[in-house]
Amino acid sequence: MQKKMDPSAVAYQKPQPTAMIPDILVGGALDLDGQPETWIPQAENVWFRPLLLSVSGGYYVNLLKVRKAGVLSRHRHSGPVHAFTLRGEWHYLEHDWIAREGDYAFEPPGETHTLVVPEHVEEMITLFHVTGGYTYVDPQGEALGYEDVFTKLDNVIAHYEATGLGREKAEALIR
Ligand SMILES: [Fe+2]
C-alpha cells in the first residue's frame, strides 16, 4: 500500500505566471562585518551594499553604512521609503524621533528631510528600501542632484568592474 503524501509538504505543481521575473537570494546580506568587497563607496566614509536593483519596479533595496557624524544629505523623495536600522542611530532634522538599532521608519513620498548621524555614533548601518528617486536639495528646496535605481546601478557596475568582481555580479542584482 502506498503511503499517502502530506499535501502540505508538496511543492506548488503549476507553472509560475507568464513573464514573471526570477527570484534572488543574497547570501549574508545582513553580515554587517563580512564581505567587504560588497560595500560600494558613495562618499568619504559612506558606503552602500546593494541587495536588489529593481529597474522594472523603479526601486532599490540596499544597506547604507556611515562612519562619520554630521549632516549626510538633504533630499526630497518621489516615492516611499522603508528603513530598518541595523546598527548605530540617525535622525532627520525635520523630526523629533531617533532611529536606533532595531527600529523601523517609513518615509512618505513627497517629504524633504535632512539626514544626520549623531557625534557619538561610530558606525551606522541601515537597510533602506527606496522606491522612486530622490532629489538632493538646498534648504529652500532647490534641486542640486538626484539618485535613483539607475544611478545606483551605474555605481555598482563601475565599482564591481574596477575591483575585478565583474559586471555579472552587478547584473545578478537587477530585476
Ligand atoms: Fe530619505
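A: Donors are N, O and S atoms within 2.8 Å of the metal (3.2 Å for Na, K and Ca), and sites may look incomplete because water is not among the atoms. This is a predicted model, in which local features need pLDDT of at least 70, side-chain atom pairs count only at pLDDT 80 or more, and totals for chains, interfaces and linings use all residues. Residues are numbered from 1 along each chain as its sequence is written, and side-chain values use heavy atoms, with hydrogens and water left out.

Q: What makes His75, His77, Glu107 and His113 donor residues of the iron ion?

A: His75 (NE2), His77 (NE2), Glu107 (OE) and His113 (NE2) coordinate the iron ion at 2.1 to 2.4 Å, and the cut-off is 2.8 Å. Their spacing in sequence is H-x1-H-x29-E-x5-H. Histidine 77 belongs to strand β4 (residues 70–77) and histidine 113 to strand β9 (residues 112–117), so the pair ties together parts 36 residues apart in sequence. Strands here are DSSP runs of E, at least two residues, and helices are runs of H or I, at least four, numbered from the N terminus.

Q: How do you know whether histidine 77 and histidine 113 are buried or exposed?

A: Both are buried, that is, under 20% relative accessible area, where exposed is over 50% and partly exposed lies in between (1.4 Å probe, protein chains only).

Q: What is the span of helix α1 set against?

A: The expected span is 1.5 Å times one less than the number of residues. Helix α1 (residues 149–162) has 14 residues and reaches 20 Å from first C-alpha to last, close to the 20 Å expected.
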